[in-house]
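Subject: Handover of a structure and notes on its contents

Dear colleague,

Please find below the structure that I am handing over to you. My notes on it follow directly after.

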Amino acid sequence: ILCWKVISHLRFRKEVLKDSYPVTHPDILELWKREQELIERKKPIPLVYSPHVATPLTVGKWNRTIHTLLPERSYTMTELRMVFRHELRHVQRLDVDSKVFYGFCEAFCWFNPLVWLAMRKASADLELSCDEMVVYGMEERDRRRYAELLLNTAGDDRGFSTCLSASAKSLRYRLKNIMEQRKRLTGTV
């Protein structure tokens, strides 16, 4: 099962990177550089366009293999800022490493369907927590804009990658959490 997951990931990575080309627009590159500085990233991550993706995503585990891919469509600078913040939070928190661990857990306990469900839920929680980090302190108008961005860029999340907007199943729950600004309870509860 683990070999199948790794091979599937490598095929997906090869597919999305095969016709990719670097982003060259200076304003976009400047915004990308600034957002990487916010997470204190020392090694820059290549930013590329790919005709094979429908949603922005980051693929790769090690510094030399990490790429952030954008679909071939136009974004406003505000949308790009939200996309970059979301994807860079995944990089900062090493969420791809978490997904690799989830794959190991599924392979180790392949016989237990509860593990498969738990790993799928844990993966969805990675996206939820990134959404919360992006919209923290935003006005309702900006939260709505971020929710619209998620709806407009729903795509495919395969392999050990992180993407802005994946399955429709998790999207409903994510949108609800973005729009409802709840008061968080402390960890003592």
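A residue is called buried when its relative accessible area is under 20%, exposed when that area is over 50%, and partly exposed in between. Arg93, with a relative accessible area of 27%, is therefore partly exposed. Please note that this is a predicted model.

Salt bridges

Across the whole structure, a search finds 7 salt bridges. One of them joins Glu35 to Arg85, whose closest N and O atoms are 2.9 Å apart. Glu35 belongs to helix H2 (residues 26–38) and Arg85 to helix H3, so this pair ties together parts that are 50 residues apart in sequence. The two partners may be described separately: Glu35 counts as buried because its relative accessibility is 3%, while Arg85 has a relative accessible area of 24% and is therefore partly exposed.

A salt bridge also links the side chains of Asp97 and Lys61, at 2.6 Å from N to O. Asp97 is located in helix H4 (residues 95–108), and Lys61 in the loop between strand E3 (57–59) and strand E4 (67–71), so the pair ties together parts that are 36 residues apart in sequence. Asp97 is partly exposed, at a relative accessible area of 26%. Lys61 is partly exposed as well, at 31%.

Asp95 has a relative accessibility of 2% and so counts as buried.

Arg89 lies in helix H3, which covers residues 77–92. Leaving aside residues up to four places away in sequence, Arg89 touches Ile39, Cys130 and Met133.

Aromatic pairs

The search of the whole structure also finds 4 aromatic pairs. Among them is the edge-to-face pair of Trp32 and Phe84, with 4.8 Å from centre to centre and 65° between the planes. Trp32 lies in helix H2 and Phe84 in helix H3, so this pair ties together parts that are 52 residues apart in sequence. Trp32 and Phe84 are both buried. Trp110 and Phe111 form another edge-to-face pair, with centres 5.8 Å apart and planes at 85°. Both Trp110 and Phe111 are exposed.

Strand E2 and its partners

In a regular strand, side chains alternate between the two faces of the sheet. Strand E2 (residues 47–50) is covered on both faces: Leu47 and Tyr49 on one side, and Val48 and Ser50 on the other, are all buried. How does E2 pair with strand E1 (residues 21–22), and over how many bridges? The two strands pair in the antiparallel sense, over 2 bridges. Within that pairing, Pro22 has Val48 of E2 as its bridge partner. E2 and E4, by contrast, run parallel and are joined by 4 bridges. Here the bridge partner of Leu47 in E4 is Thr68.

Yours sincerely

Conventions: Residues numbered from 1 in each chain as written. Predicted model: local features only at pLDDT ≥ 70, side-chain atom pairs only at ≥ 80, totals over all residues. Heavy atoms only, no water. Contact = heavy atoms within 4.5 Å. Salt bridge = Lys/Arg side-chain N within 4 Å of Asp/Glu carboxyl O. Buried < 20%, exposed > 50% of the residue type's maximum accessible area, 1.4 Å probe, protein only. Phe/Tyr/Trp six-rings, centres within 6.5 Å; stacked < 30°, edge-to-face > 60°. Pairing = 2+ DSSP bridges.
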